[in-house]
Amino acid sequence: MIKTLRTSFYVLPLALATHSAMADWSSTITGASDYTFNGISQTENDFALQASLDYSDSKTNWYAGSWASNVDFSDGTDVEIDVYVGRTFDLSSAWSVDIGIAYYSYYGGDDSSDLNYPEAYTKFGYENALGQTSFSFFYSWDYAGTEAGHTISSLSHAFTVAENHDITVSYTVSNSLDGDKFSWDGSDTSYHYYELAYATSLANFDIEIAAQDTSIDSDTSDERIAFSVSRTFDL
C-alpha cells in the first residue's frame, strides 16, 4: 500500500477540506496532473480525474459528502471512493475547529477492499491579519486495512499576496504506530512531507500549482510540481 489529508492535486483535500459553500448541495470536478496523498503519488505520477458531492447545513454546521478519484496500485486497484461526515465549530472570532470521520474504500482488483480503512480527524484554524493558520490531526486504527495505528499531523499557513492570489506553506508528518504491521521503505515508521502551493481562480475555475517533496526516496514521492484545475457547482 503506497498511501499515507487528501492532497488530490488536490481536492480536499480534502475531500476533507472545510466545507463553506453557501448552497446546501454542491459538487466539485477536478482535473489534476497527479493525485498525491501527502506527497506520494496514488496514480504512478499520472493524471487524475476527481469528483465530489457535498452537503452542508449552515444553521447547524454539519456537513457530509463523498469524493472519488482514479488511482493506480500494483494490485489492480484503480478507483478510490471516500465518504465523510463532520461538524465545524466557531470557538471565537479567530479560532475554529472541524471534527469528523472518513472512510476510504478501493475498487478494481480482486483484493482492493482489503485496503479499506476508517480515519478520524480534527482540524484547528486560526485567522488573523497575517492569514489563516491550520493544525490538522488524523488518526486511523486500521490504516490501509493492516490493523496498524497511524497518525498524520499537519501544520499549514495560508496568506493572500494580492487579490485572488494566495500562497499556502505546509509541513506534514505521517507516522505509523505499529511498525511491524505497516512501514515505508520496509523499515521507516514515519516520513515528512513539504508543500508550497499557489492558488487563484479564473472564470469560475480554481487553479492550484504546488511544489512538493517528501523524505522518502522513490519515483512516486520525490520532488515535483503538481497542478490542478477544478470547478464547483451549486446544486
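**What backs up the labels**

Reply: The chain has 14 strands and 0 helices. From the N terminus on, the elements run β-β-β-β-β-β-β-β-β-β-β-β-β-β. Keep in mind that this is a predicted model.

Me: What makes the strands a barrel, and how many take part?

Reply: The barrel has 12 strands and is closed, running β1-β4-β5-β6-β7-β8-β9-β10-β11-β12-β13-β14 with antiparallel pairing. From one strand to the next, the twist averages 20°.

Me: How do you know that β5 and β6 pair?

Reply: Two strands count as paired when there are at least two bridges between them. β5 and β6 (residues 79–90) have 9 bridges, in the antiparallel sense, so they count as a pair under that cut-off. To find the pairing on your screen, look at A64, which stands opposite V85 in β6. In general, strands of a sheet pair through backbone hydrogen bonds, either parallel or antiparallel.

Me: Why is the contact between D34 and R224 called a salt bridge?

Reply: The cut-off is a Lys or Arg side-chain nitrogen within 4 Å of an Asp or Glu carboxyl oxygen. For D34 and R224, the closest N and O atoms are 2.5 Å apart, so the pair qualifies as a salt bridge. The structure holds 1 salt bridge.

Me: Are D34 and R224 buried or exposed?

Reply: Buried means under 20% relative accessible area. D34 comes in at 3%, so D34 counts as buried. R224 has a relative accessible area of 14%, so R224 is buried too. Across the chain of 235 residues, 44% count as buried.

Me: Why is the pair of Y35 and W67 called edge-to-face?

Reply: A pair of aromatic rings is described by the distance of the centres and the angle of the planes. Ring centres have to lie within 6.5 Å to pair, and planes over 60 degrees apart count as edge-to-face. The rings of Y35 and W67 have their centres 5.4 Å apart and their planes at 70°, so the pair is edge-to-face. Y35 lies in the loop between β1 and β2 and W67 in strand β5 (residues 62–70), so the pair ties together parts 32 residues apart in sequence. Both Y35 and W67 are buried.

Me: And what makes Y104 and Y117 tilted?

Reply: Stacked needs planes under 30 degrees apart, edge-to-face needs over 60, and the rest are tilted. The planes of Y104 and Y117 are at 50°, with the ring centres 4.7 Å apart, so that pair is tilted. Y104 lies in strand β7 (residues 95–107) and Y117 in strand β8 (residues 117–128), so the pair ties together parts 13 residues apart in sequence. Y104 is at 0% relative accessibility, so Y104 counts as buried. Y117 also has a relative accessible area of 0% and is buried.

Me: Which aromatic cluster do Y104 and Y117 belong to?

Reply: Y104 and Y117 form one cluster with F37, Y143, F182, W184 and Y191. The structure holds 13 aromatic pairs.

Me: How do you know that the charge of R231 sits over a ring?

Reply: The distance cut-off for a charge over a ring is 6 Å from the ring centre, along with a limit of 35 degrees from the ring normal. The charged end of R231 is 5.2 Å from the centre of the F205 ring and sits over that ring.

Me: Why is D178 called partly exposed?

Reply: Partly exposed is the band between buried, under 20%, and exposed, over 50%. D178 has a relative accessible area of 24%, so D178 is partly exposed. You'll find D178 in the loop between β11 (165–176) and β12 (190–202). Leaving aside its neighbours within four places in sequence, D178 is in contact with E147, A148 and G149.

Methods:
Residues numbered from 1 in each chain as written. Predicted model: local features only at pLDDT ≥ 70, side-chain atom pairs only at ≥ 80, totals over all residues. Heavy atoms only, no water. Buried < 20%, exposed > 50% of the residue type's maximum accessible area, 1.4 Å probe, protein only. Phe/Tyr/Trp six-rings, centres within 6.5 Å; stacked < 30°, edge-to-face > 60°. Helix = DSSP H or I, 4+ residues; strand = E, 2+ residues; numbered from the N terminus. Contact = heavy atoms within 4.5 Å. Axes fitted to C-alpha atoms, helices over the stretch in contact; angles between N-to-C directions.
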